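Work through the exercises below with the structure at hand. Try each task before reading its solution.

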Amino acid sequence: MTTETQANPLETEELISGSEAIARACSLADVDVITAYPIRPYDTVMQFVSRLIADGELKCEYIVAESEHSQFEIVKHASAVGARVFTGSSGVGWFYAFEALAVTCGLRLPMVAMVGNRALDDPGAFGTEHNDALAVRDLGWMLNWAATAQDCIDTALMAWRVAEDPRVYLPVAISTDGAFLTHSQQIVKVPDKSLVDKFLPPYDRGKFQLHPDNPITIAPQVNEDWLMEIRRQTDAAMRRARDVITETHEDFKRIFGRGGDPFLEEYMTDDADVVLVGMGTLTLPLKVTVRRLREKGQKVGFIRVKWFRPFPAPELIESLSRFKAVGVIDRDYSLGSPFHGGVLLNEVKAAMYSAENRVPIIGFVAGLGGREVTVPATREMFEITQKAAESGTIDNQIHWIGVRE
Amino acid sequence: MTSTQELTPLRGVKNSPLEEFFTSGHRTCQGCESALVMKLMVKAAGPRTIVLGSTGCMYVANTTYYSTPWVVPWMHTQLGSSGSAALGTAAALKAMMAKGKMTDEPINVIAFCGDGGGADMGLSAISGALTHNDYNLLILMYDNESYANTDIQVSGSSPWGANSTFSPPGSLHRIMNKRWKKNMAGMMAVGHPQARYIATGCASYATDMMNKVRKALSIGGPTFMHTIDPCPKGWDYDPMYSHELGMLMVQTGIWVQYEVIDGEVILNGPSKMIAKGQKRLPVDDFLKRQGRFAHFEPEDIKYFQDQIDEMWERWWIPGVIPPSPEK
């Protein structure tokens, strides 16, 4: 596999899945405490983690908890003592931990979690859907969607650095589409630890460390006297996270020679009339379709949103304003929301309200429950968006793609 | 397993350390026995201790922003998370010390929860923690027999028939709480055979309670304690009688003082004497002192007495393991 950059002698190319890539990142980052609990599809990462530990390639305290709630509470408390932590979940498991997810942000505790995106039961479904991770979007979690196994290892390494930056001190969730990324192998450049050490400083909890040498009281009752000020501080941390993410990506690019722009990945958008916007692994069929339509002379492109929180509103406004029409693909749903579409659509529309050029934006709901977003499906979405670009009007705000009527 | 602090037994209250690590700055009720449990617990543990407190009276009443009674580092944890908080804290210390990221020394980890946080919501996490033998930790459940912080609602650890805001006696149903109190310490002891120390305690027997904390922290691995804490607000009595009610609860045989060390059950103090044949006081001596049982009719008192009699006469080990098949 040839790339634009010179092959780094401190990296090896391996055929591994997204889950294995993140497990390898745990070794490289010298994570101190990891908690596991089984639920498909995220749990594959813990299967790799436990094997790395068994073989002595990862040294950490590894606790198989009795529920997701405990899983997240355990690492939350480990983080308060100053330990670097990793955990994860999927679907309803993530929801079982919801209380812990909320307080982790309130406590300003860094944590990196992998969400193997999964539909919310019932009825039972193992396949990917983004509603699980998206449910915490208002609480202070930084949310990233990976598209490839390379993204998984790279983003994980960046995630600890961003989360543990004293300007931020907030948790990061890396979303990986169930099956498409958790279980699918790709060629991944795995860096040497010496390279990672140049990039990732140790976690220093500083004056907030819970230790007998630093006898502080953490999280007393604050009530109406102080909670609003504390929320405002968390808000400020999330605002600062934007700069920290940018810095981190730049440094990552400098050391590892890859990574692209921090918030958006644009594909063949330079002279495009129409683009589709989406997150996660549907990037692959989208890129195929863009290339095929380009071969036919159609000016189309694709934009992948990498960080959903903090939401890249300035980048999207700047980018999307130049197109004639935009289609937003949601692998999720937001029932009863303003347009009865998906979460990403609502966010993009909210961001674009302040744009001078109000580009027509159409919403697509696709690939729910792990249904494959096929090349023909993406072509259909382009056709609908192109029609809106030609007419300048939108007949139907929301289209469910590939659903049997 | 990392090493533990060597905490030798204290010989009487007067010989216990003068230093307090739970001091002024809390807002607990007058006569609050749970606050006394906190004070004795951390006095016994000493300064090289981290305390995690789950939601409940001992969170809300103790720690209000800008004041704290805790001299040792303290952190809140969620209602059902005492087990996880202890586990996460102990795991972090162990990992960081092993990797040289922190000075290697034995640090006590204690997580406390109320009966709601322990016997109800946190049961699963406590049980989980008690199976992780690699970590030194103590989970202490202070039991005031109701969700006392939220307005006195019945919990899985409330006594049968007790008046609470979720189980008020009415004109049709005199007894609204028809559940018998959970046997927490017994359940923990029987269910977690490798946990080396499980004990019950009562602040009325302060030296005994402190020494149990010290044993739990010294022996290593995950340990559990269950204290019974008279609560003037929830039990409805004059705050001056807290100490006396704690003693009555033991003397009537309703509460059994014991410890399970490496699987061996040892009854302590008055409970030991009762087991040896000393007469128990009638349960009504305890019940009639509290407003929460004021609606009891003679038949209710008899039912209560019968259950306690059965525990002492028919249980395999009174207070610990239910009826022996032979008896």
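**Exercise 1.** Find the bridge partner of Thr217(A) in S2(B).

*Solution.* Step one: the partner is Trp74(B). S9(A) and strand S2 (residues 74-77) of chain B pair in the parallel sense over 2 bridges. Strands here are DSSP runs (E, at least two residues), helices are runs of H or I with at least four, and both are numbered from the N terminus. Two strands pair if DSSP finds at least two bridges between them. Step three: recall the general rule. Strands of a sheet pair through backbone hydrogen bonds, either parallel or antiparallel.

A note on the model: it is predicted, so local features need pLDDT of at least 70 and side-chain atom pairs count only at pLDDT 80 or more, while totals for chains, interfaces and linings use all residues. Residues are numbered from 1 along each chain as its sequence is written, and chains are lettered from A and ligands numbered from 1 in the order in which they are written.

**Exercise 2.** Describe the side of chain A that touches chain B.

*Solution.* Start with the count: 38 residues of chain A are in contact with 40 residues of chain B. Contact means that the C-beta atoms, placed from the backbone, lie within 7 Å. Next, list the elements. Strand S3 (61-64), helix H3 (68-81), helix H5 (98-106), strand S9 (217-218) and H9 of chain A each supply at least two residues. H3(A) gives the largest share, 10 residues. Last, sort by class: 21 are nonpolar, 9 polar and 8 charged. Nonpolar covers Ala, Val, Leu, Ile, Met, Phe, Trp, Tyr, Cys and Pro; charged covers Asp, Glu, Lys and Arg; the others, Gly among them, are polar.

**Exercise 3.** Which strands stand at the edges of the open sheet in chain A?

*Solution.* Write down the order of the 7 strands: S3-S2-S4-S5-S7-S6-S13, with mixed pairing. S3 and strand S13 (307-309) of chain A are the edges. Each has a single partner strand, so one side of each lacks a neighbour in the sheet. The twist averages 20° from one strand to the next. Now look inside the sheet. Strands S4 (residues 85-89) and S5 (residues 112-117) of chain A pair in the parallel sense over 4 bridges. There, Gly88(A) has Met114(A) in S5(A) as its bridge partner.

**Exercise 4.** Is Arg231(A) buried or exposed, or in between?

*Solution.* Locate Arg231(A) in helix H9 of chain A. Then apply the cut-offs: 20 or more other C-beta atoms within 10 Å means buried, 12 or fewer exposed, and in between partly exposed, with C-beta atoms placed from the backbone. Arg231(A) has 13 such neighbours, so it counts as partly exposed. The C-alpha atoms of Arg231(A) and Gly106(A) are separated by 7.7 Å, though the residues are 125 apart along the chain.

**Exercise 5.** How many residues of helix H1 (residues 18-28) of chain A are buried?

*Solution.* The count is 10 of its 11 residues, so this helix is mostly covered by the cut-offs of the burial rule. Among the buried residues are Gly18(A), Ile22(A) and Leu28(A). After H1(A) comes Asp30(A), with a positive phi near 55°.

Terms used: Two residues are in contact if their C-beta atoms, placed from the backbone, lie within 7 Å. Axes are lines fitted to C-alpha atoms, for helices over the stretch in contact, and angles run from 0 to 180 degrees between N-to-C directions.
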